[in-house]
Amino acid sequence: MSLGSALATAMSGLRANQAALSIVSSNIANAQTPGYVSESINQVEVATGDTGASVSVQGVNRQLDQYVQQQLRSETSGGAYADQMANVLTQLQSVYGTPGAAGSLETAYSNFTTAIQALSTTSGSSSSQIAAGSAAQALAQQLNATSQGIQTLRSNAEQDISISVTQANSAMSQIAQINTQLQGMSSTDPAAATLEDQRDAAIDQLSQLMDIRVSSAGNNQTSIYTTNGVELVGAQASQLSFNSQGTLSATSQWNSNPALSSVGTITCTLANGAKVDMIATNSISSGQIAADVTLRDKTLVQAQAQVDQLAASISTALSNQTTAGTAAPASLAPKAGFDLDLSNVLPGNSINLTYTDAATNTQHNVTIVRVDDPGALPLSNTGGNPNDPVIGVNFTGGMASVVSQLNSALGSANLQFSNPSGSTLRVVDSGTGATAVNSASVTTTASSLTGGSAQLPLFIDGTSLYTGAITATGAQQTGYASRITVNPALLTNPSNFTAYSTSPPTQAGDTTRPDYLYTQLTSGTFSYSPQTGLGSASSPYNSTLPNFMQQFLSQQANASTAATQLQQGQDVVVSTLQQKMNSTSGVNIDTEMANLISLQNTYAANAHVMSVVQSMMNSLLQAQV
């Protein structure tokens, strides 16, 4: 090697050393910068055409562990989902209140039953009647507040989805822009490394909002998909939109049919203009957005259904009157059955029949519900016991129409319906022995405080009776907890907590009504809708009102505990992966300081080579002189 070649090689070493020093300086400066990936110099040996070789700097390398990065993004989505679920379910527990404490649903119900019991023990004293009215108002108000709290959480979820969609669009747009900037750049270009850090940070942000799949192609390009294949970022960024409905109510429900949906949905407009409903296609299954959708459309809807069921069951437990049918005339033999008076049947009230199919010895329980809105018919019995059908009948066409509808629906069961007179419905078997009608009854709603029975409309729906009416727009039960109130006539005249008749007048000290109310509230057994998450359509949950309330409150408390435990476990996983990511791809100050010392020594060595070459050249020049 000539002295000139040696000098050039030493110079290349100094240049490489300076580039490496710049990278070390950048690493140390960005040691605490979120998303910064440690970089190293990419040096290659270059032949000089003479003895030995010089060195050339071919850009920088990012010290990125892509496998750990992929795992971290997946768990980050799960962590964001768990965090949001745990946070909102904890807030839901606050809505219910601490069991046994003032301001809780359990306490309000307990105070009400205690006040009703006091009506019996005090023989209906004036003070106990007023106290019962106040306790009833407190319970209704607690149900109102609970419903409002649940809907506030749903409205917050609606708002959160809107914010998250905006953030997702921002991240997707940034990823697409950086893709464009990186086109044509070498992966070892220092500027490319900085842009890739920025792109990774945007992808990390997107992974908190939804579960994604990242695909890297040549030319530094990255595509983003949902886990079921919807393209979010390709050559261009897709655009998410969310038609927020603002403040939600109990009747605000998501539906795959946009015309029937009363909450917002997320639509993805792809680069080619095609649109995808991200909720209807289950395209987002994790991340904060998925958690908010689950809370808004499932978890909190079920919580609302539970308090609505409680409010409805309390109302009907105190107001429903069930009257057994009278035996049909013996002159109809061999046919046998019952006559039912339908004069007081209101929309939502029901007729209950039991009959036995002789061929299979199977007992059937038929529930016939008055439904006067044609748009709500026929009623769905999907998932229910086929032996216990629920049939909707429109009463607006009169008794002839009712009879026709029932014969059409149940004629195949060898049941015959007729209208012998007035509002009487007669149901008999065919007389062939194929079917035996076991029982028949009518359940109606008491509309008067002094109708002569222990039942009364203590709680009402705003200004209307609560009957459980069903219309095309939904059931009266939906959102009832937000509207339940105490009958103002009872508050005006609280003596009707005990006085149930005016002709003849209720005797002083008669505790018939208070005894009935207390029994219904504490030990009466009722059936509850499977929409509450308890029981099923084929095997409904049956229990007392206190047990039902304790059951769903316990269910929600367990769900909150489980969500918190999942959150804690997920936080550990994310933290562990983040530490692993930092150890493999982050800046290690100890390593960088060691590199700095090595560079210092290398720089001194290259400088020494240059000094020696210069001395040798000076000696050569002096010898020539």
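1. Asparagine 361 sits in the loop between strand S12 (350-357) and strand S13 (362-370). The model is a predicted one. Phi of asparagine 361 is near 55°, a positive value in a residue other than glycine. How exposed is asparagine 361? Its relative accessible area is 63%, so it counts as exposed, the cut-off being over 50%.

2. Asparagine 414 also deserves a look. Its phi is near 60°, again positive and again in a residue other than glycine. The residue lies in the loop between helix H7 (399-410) and strand S15 (415-418). Asparagine 414 has 31% relative accessibility and is therefore classed as partly exposed.

3. Proline 334 belongs to the loop between strand S10 (326-327) and strand S11 (337-341). Proline 378 is placed in the loop between S13 (362-370) and strand S14 (390-393).

4. Next, the packing of helix H2 (residues 66-96) on helix H4 (residues 126-182). Their axes are 9 Å apart, and the packing angle is about 160°. The two helices are therefore roughly antiparallel to each other, since an angle over 145 degrees counts as such. The crossing of H2 past H4 is right-handed.

5. Which residues make the contact between H2 and H4? From H2 come Gln84, Val88, Gln91, Leu92, Val95 and Tyr96. On the H4 side they meet Gln142, Thr146, Gly149, Ile150, Leu153 and Asp160. By class, the contact residues split into 6 nonpolar, 5 polar and 1 charged.

6. Helix H3 (residues 105-121) has 17 residues. From first C-alpha to last it reaches 25 Å, close to the 24 Å expected at 1.5 Å a residue. After H3 comes serine 123, with a positive phi near 55°.

7. What is buried in H3? The buried residues are Leu105, Thr107, Ala108, Tyr109, Phe112, Thr113, Ala115, Ile116 and Leu119.

Conventions: Residues are numbered from 1 along each chain as its sequence is written. This is a predicted model: local features need pLDDT of at least 70, side-chain atom pairs count only at pLDDT 80 or more; totals for chains, interfaces and linings use all residues. Side-chain values use heavy atoms; hydrogens and water are left out. Axes are lines fitted to C-alpha atoms, for helices over the stretch in contact, and angles run from 0 to 180 degrees between N-to-C directions. Helices (H or I, at least four residues) and strands (E, at least two) are DSSP runs, numbered from the N terminus. Angles under 35 degrees count as roughly parallel, over 145 as roughly antiparallel, 65 to 115 as roughly perpendicular and the rest as oblique. A crossing is left-handed if the near helix is turned anticlockwise from the far one by less than a right angle, and right-handed if clockwise. Contact means heavy atoms within 4.5 Å. Ala, Val, Leu, Ile, Met, Phe, Trp, Tyr, Cys and Pro count as nonpolar, Asp, Glu, Lys and Arg as charged, and the others, Gly among them, as polar. The expected span of a helix is 1.5 Å times one less than its number of residues. Buried means under 20% relative accessible area, exposed over 50%, partly exposed in between (1.4 Å probe, protein chains only).
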